[in-house]
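Biologist: Please take a close look at a single part of this protein for me. Keep the answer plain, and give the cut-offs for the terms you use.

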Amino acid sequence: GSGGRPCRGTPPPGGERPGGLSPETLEKARLELNENPDTLHQDIQEVRDMVITRPDIGFLRTDDAFILRFLRARKFQHFEAFRLLAQYFEYRQQNLDMFKSFKATDPGIKQALKDGFPGGLANLDHYGRKILVLFAANWDQSRYTLVDILRAILLSLEAMIEDPELQVNGFTGATSPSKLVQIICICFVIQDSFPARFGGIHFVNQPWYIHALYTVIRPFLKEKTRKRIFLHGNNLNSLHQLIHPEILPSEFGGMLPPYDMGTWARTLLDHEYDDDSESHCLVSISL
């Protein structure tokens, strides 16, 4: 990864890149997230000290670099960061089956990844956010389940959130034509139990009934979530005002060639991308 990653109990690295950030992102973290390199170690320790208040949860990681993600995701509000940390491990504790074979080579996850669940665009948006894409039409329900898709997305986020720049800048998502309810369910799980900042989810080319469905669901969503859901329909201009067409593939009316579904899967699976035998060694993200 970029920059130094402090281990348990050591002060964050000094020098040019405290917390592993470039000077521009460091400034953004200061302005938007209240991050202060001089008090980083104390901030982390404050959150770590709260762990004893929840003996019912197994906190499998409490090292500096890990806790820092949660502070960034909650703008350095110590209690909110701790609550997210607790929810992160509680969700894993309550859904043991989901995390049993939590690696890219797991057959269900691997198949979902290869079909572009999720895809990740090469370029960041103008806010430095990673753009995740989902092509709902690709979902082959006979080969993997919605839970496999959720696991593939969570596994992908685990890999991406290692990058301190993305901890500050966050993610945005675009999906075409979509299974709205399922995707909103996935958003719920992620926003309440994963340490990332989400800028929005953009639905394009969705059929008319999706709008009707969204009208029904909307009142039950948190205000924060409502503000982040954009239904563009066939009006790609409204999408392009928020995500520039120069960095989008043609499916989203962008200037780039059609998205290659295997792009992110190849990154995560490396040489196991084409090997469909049941092997279980490569990308395992330890929690």
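Modeller: Asp-140 is partly exposed, because its relative accessible area is 23% and that term covers values between buried, under 20%, and exposed, over 50%, with a 1.4 Å probe and protein chains only. The model is a predicted one, in which local features need pLDDT of at least 70 and side-chain atom pairs count only at pLDDT 80 or more, while totals for chains, interfaces and linings use all residues. Residues are numbered from 1 along each chain as its sequence is written, and side-chain values use heavy atoms, with hydrogens and water left out.

Asp-140 sits in the loop that runs between strand 2 (130-135) and helix 6 (146-160). Helices (H or I, at least four residues) and strands (E, at least two) are DSSP runs numbered from the N terminus. The side chain of Asp-140 makes a polar contact of 2.5 Å with the side chain of Ser-142. A polar contact is a pair of N or O atoms within 3.5 Å; within protein, one must be able to donate a hydrogen and the other to accept it, and residues adjacent in sequence count only if both atoms are side-chain atoms. Asp-115 is 25 residues from Asp-140 in sequence, and their C-alpha atoms are 8.4 Å apart in space.

Another loop, between helix 8 (180-193) and strand 4 (198-204), holds Arg-197. A polar atom of the Arg-197 side chain lies 2.6 Å from the backbone oxygen of Val-168. Leaving aside residues up to four places away in sequence, Arg-197 touches several residues, including Glu-32, Arg-72, Lys-75 and Phe-171; contact here means heavy atoms within 4.5 Å.

Lys-75 is itself a loop residue, placed between helix 3 (64-73) and helix 4. Lys-75 is partly exposed, with 38% relative accessibility. Its phi is near 50 degrees, a positive value in a residue other than glycine. Asn-34, in the loop between helix 1 (23-33) and helix 2, also has a positive phi, near 60 degrees. Most residues other than glycine have a negative phi, and most peptide bonds are trans. Phe-117 and Pro-118 are joined by a cis peptide bond, with omega about -5 degrees. Pro-118 belongs to the loop between helix 5 (107-114) and strand 1 (119-120).

As for the whole protein, its secondary structure comprises 12 helices and five strands. Of its 287 residues, 54% are buried. Of the contacts between residues at least 6 apart in sequence, 72% join residues at least 24 apart.
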